[in-house]
Amino acid sequence: MTKLLQWLLAVSLLGALWALVTFDLLDLSLPQTYREVAWPMPFYLLISFGCYSLATVGYRVATFNDCEEAAKELQEQIKEAKEDLRRKGLKI
Amino acid sequence: MATGVDQAAGMSLVVFSLVLFTYYSVWVIVLPFVDSDHFLHKYFLPREYSVILPGIAAVILLICIGAFTVVIMWKNRKPKKVD
């Protein structure tokens, strides 16, 4: 089984579980509090993933060592690239 | 270690995402288990907004990306030459 199929299987399993709890498809009559926690779950997972990515990026920005020569070289390359593109007609 | 603005920007990103994560977690997970007359409910909007507000933010993000693309493509359209 390919990785894609494995992922799709896992996602659809979790999705079915979530739909079961949220829309009460089997009439399990769970307590209201558990249903209230369950229905925003997909959005909650999305937002926590976003927060994790933001925190990782921020942390790596804060702890990355300064490299003076690399920074100067990069500025030079940016200027060259802008000139090149301007000659070829792209306007930013 | 990075210096100056880099460190400040990075750390503020980390703090912001931690605050957002904590607030959202309390909103979604903790609040249903808390009695409805507890003072904590005063600090949180009704539950539907916990889905609507991120949805609106996502739509605004997509609109900004689309607008940027449109502006760049507009500036680079080549008018047809008339002989």
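Start by selecting A:Tyr44, A:Ile47, A:Cys51, B:Tyr24, B:Trp27, B:Val28, B:Leu31 and B:Phe44: these eight residues form the largest nonpolar core. Two elements each give two or more residues to this core, helix H3 (41-63) of chain A and H1 of chain B. Keep in mind throughout that the model is predicted. As a general point, nonpolar side chains in soluble globular proteins tend to be buried together.

**One residue of the core**

Stay with B:Leu31 and show what surrounds it. Apart from neighbours within four places in sequence, B:Leu31 is in contact with B:Val26, B:Leu40, B:His41 and B:Phe44. Of these, B:Phe44 is itself listed in the core.

**The interface of the two chains**

Next, colour by chain and select the residues of chain B that touch chain A. There are 27 of them, and they are in contact with 27 residues of chain A. The size of an interface is often given as the accessible area lost when the parts come together. Here chain B and chain A bury about 2,500 Å² between them, and 72% of that lies on carbon and sulfur atoms.

The rule finds two residue pairs in polar contact across this interface, both at pLDDT 80 or more. On the chain B side, the elements that give two or more residues are helix H1 (5-30) and helix H2 (49-75) of chain B. H1(B) supplies the largest share, 14 residues. By type, the chain B side divides into 16 nonpolar, seven polar and four charged residues.

**B:Phe33, seen from chain A**

Now select B:Phe33, in the loop between H1 and H2 of chain B. Which residues does B:Phe33 touch, not counting those up to four places away in sequence? They are A:Thr33, A:Tyr34 and A:Val37. B:Phe33 counts as partly exposed because its relative accessible area is 47%, and exposed would need over 50%.

**The salt bridge between chains**

Across the interface of chain B and chain A the rule finds one salt bridge. To see it, select B:Arg47 and A:Glu36, whose side chains meet at 3.6 Å, N to O. The pair crosses from the loop between H1 and H2 of chain B, where B:Arg47 sits, to helix H2 of chain A, which holds A:Glu36.

Over all chains the structure holds six salt bridges. Side chains of opposite charge can pair when their charged atoms come close.

Select A:Arg35 and A:Asp24, whose side chains meet in a salt bridge at 4.0 Å, N to O. This pair links distant parts of the chain, eleven residues apart: A:Arg35 is in helix H2 (residues 32-38) of chain A, and A:Asp24 is in the loop between helix H1 (3-23) and H2 of chain A. A:Arg35 is partly exposed, with a relative accessible area of 24%.

Then move to helix H4 (residues 68-88) of chain A, which contains both A:Arg86 and A:Glu83. How far apart are the closest N and O atoms of the salt bridge between A:Arg86 and A:Glu83? They are 2.9 Å apart. A:Glu83 is partly exposed, with a relative accessible area of 40%.

Finish by selecting A:Asp84, A:Arg87 and A:Lys88, which are linked in a network of salt bridges.

Key: Residues are numbered from 1 along each chain as its sequence is written. Chains are lettered from A and ligands numbered from 1 in the order in which they are written. This is a predicted model: local features need pLDDT of at least 70, side-chain atom pairs count only at pLDDT 80 or more; totals for chains, interfaces and linings use all residues. Side-chain values use heavy atoms; hydrogens and water are left out. Contact means heavy atoms within 4.5 Å. Buried area is the accessible area (1.4 Å probe) that two parts lose on being put together, summed over both. A polar contact is a pair of N or O atoms within 3.5 Å; within protein, one must be able to donate a hydrogen and the other to accept it, and residues adjacent in sequence count only if both atoms are side-chain atoms. Helices (H or I, at least four residues) and strands (E, at least two) are DSSP runs, numbered from the N terminus. Ala, Val, Leu, Ile, Met, Phe, Trp, Tyr, Cys and Pro count as nonpolar, Asp, Glu, Lys and Arg as charged, and the others, Gly among them, as polar. A nonpolar core is a set of buried Ala, Val, Leu, Ile, Met, Phe, Trp, Tyr and Cys residues joined through side-chain atoms within 4.5 Å. Buried means under 20% relative accessible area, exposed over 50%, partly exposed in between (1.4 Å probe, protein chains only).
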